[in-house]
Amino acid sequence: MSDRILVTRSSMPPMDEYVREIESLWESHWLTNMGEKHQQLEEDLKRYLGVDNVALFVNGHTALECVLEAMQLGADGRRKVITTPYTFASTTHAIVRVGLEPVLADIDPVTYTLDPSCVEKLIDDETCAIVPVHVYGKLCDVDALADIAKRHDLKLIYDAAHAFGVTRDGVSSATFGDASMFSFHATKVFNTIEGGAVCFADPALADSLEQWKNFGITSQEHVEYVGGNAKMNEFAAAMGICNLRHLSDEIAKRKVVTQRYTERLQGHKGVVLCPDQPGVVSNYAYFPVVFEDDFGSTRDDVFDELHKHDIYSRKYFHPLVSDFECYAGRFDSNATPVAKHVAKRVLTLPMYADLSLADVDRICDVVLGCAR
Ligand code: T4K
């Protein structure tokens with residue numbers, strides 16, 4: 001049993017498998033700009049996710065910015081995008097950085113994802129899109145959100161950074177809405193070291209996404225957009241090709257860890273776990289626990305106690321985006337009381353495929369030792 005336990009640990013393929021995968025790069029000397037590995041990973045992902053359209057990116061955040069740009073949101077004068085305050089900084093920052101205006105709606109108290117009824121109340125003539133976030137490997141209410149988007153003529157773009165490999169009724173999370181952004185960061189269930197992708201419904205977006213990630217260059221002598229540089233390199237793509245081969249094993253191991261946590265923690269007074277969703281097969285990306293007031297110790301007490309035992313949990317997602325210093329005066333976190341309640345009480349416990357059950361027990365012993 002190791003001593004220090006971090007909140008997660010990157011999955012890596014056997015080293016010799018990765019070395020074999022990158023060998024051909026020493027022959028080709030082609031290291032980036034949509035090379036052979038990049039093309040292969042896109043094809044592998046299409047097959048794995050059961051989708052026709054995938055574009056790879058240098059990271060998930062830039063992928064989200066690029067798809068918002070490529071969809072030309074705001075071009076018709078509507079600039080508001082409804083999203084959640086209960087997310088990583090990336091989601092809101094992407095919206096703001098492309099010149100759109102985030103409007104923050106409250107979340108569902110069970111799934112911690114956007115509450116469709118709160119979304120609908122905030123829609124007005126200036127709204128152009130909804131950017132919901134699937135959190136922890138659980139899915140948003142995709143049917144209700146699709147219905148709202150259709151009735152109000154809004155684009156629906158998912159931040160699916162936590163939902164790679166998740167399915168509902170056998171259908172991939174990559175198929176919901178107009179587009180979904182995935183993060184392939186080192187801390188995610190599937191990683192390309194740094195990386196990300198957009199899966200999208202309309203094939204007409206393919207060219208503009210390619211151009212947005214490559215300086216807006218449309219041909220050797222034409223530059224039609226002020227794009228950026230967001231291309232995934234060949235070493236990252238090779239890591240993805242290898243990791244994808246092991247993904248189902250990784251998810252199966254995470255499931256075992258999740259089951260042990262659940263057995264140990266479920267039913268204890270003041271401990272709230274995120275329940276399974278009907279028809280949804282999770283990727284077990286995170287293990288969140290909400291400590292309600294009758295647990296007897298606060299979330300922060302549990303965090304500190306774990307720390308004393310060299311166990312590093314994280315407060316994903318605290319603070320709420322609406323309480324970030326960079327957005328001071330712009331949002332009111334009291335307007336989203338459910339998100340505020342959860343953010344103050346949530347802790348994500350260590351979660352990765354190779355976390356031993358003995359370590360899970362050790363973590364649970366410390367957590368339950370905080371109960372009063
Ligand atoms: N939307 C959502 C909802 C997201 O959660 C994220 C990313 C994005 C969008 C944006 O996607 P990307 O542009 O990142 O592709 C981490 C990640 O950097 C970030 O990708 C992730 N969300 C977020 C939830 O977590 P930090 O600052 O908390 O990570 P850090 O460096 O403290 O690492 C956490 C633990 O992970 C470490 O204690 C050990 C382990 N680790 C970390 C690294 C960097 C490894 O095992 N290997 C590693 O290489 O943000």
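I looked up the largest pocket first, and its volume is about 650 Å³. For my own reference, a pocket here is an open set of points on a 1 Å grid over the protein atoms alone, where a 1.4 Å probe fits, with protein on both sides within 12 Å along at least five of seven lines. Grid points are joined across faces, edges and corners, and a volume is the space filled by probe spheres set on the points.

I then asked which residues sit closest to the centre of the largest pocket. Of the 32 lining residues (an atom within 4 Å of a point), these are Phe88, Thr187, Lys188, Tyr286 and Tyr316.

A note on the source: this is a predicted model, where local features need pLDDT of at least 70 and side-chain atom pairs count only at pLDDT 80 or more, while totals for chains, interfaces and linings use all residues. Residues are numbered from 1 along each chain as its sequence is written, and side-chain values use heavy atoms, with hydrogens and water left out.

Next I checked the elements (DSSP runs numbered from the N terminus: helices are H or I, at least four residues; strands are E, at least two). Helix 3 (60-70), helix 4 (89-97) and strand 8 (179-183) each give at least two residues to this lining, and helix 4 has the largest share, with three.

I moved on to the second largest pocket, which holds about 330 Å³ of space. It is lined by 18 residues, with Lys138, Thr258, Cys274, Asp276 and Tyr284 closest to its centre. Helix 9 (247-265) and strand 14 (287-291) each supply at least two lining residues there, and helix 9 gives the most, four.
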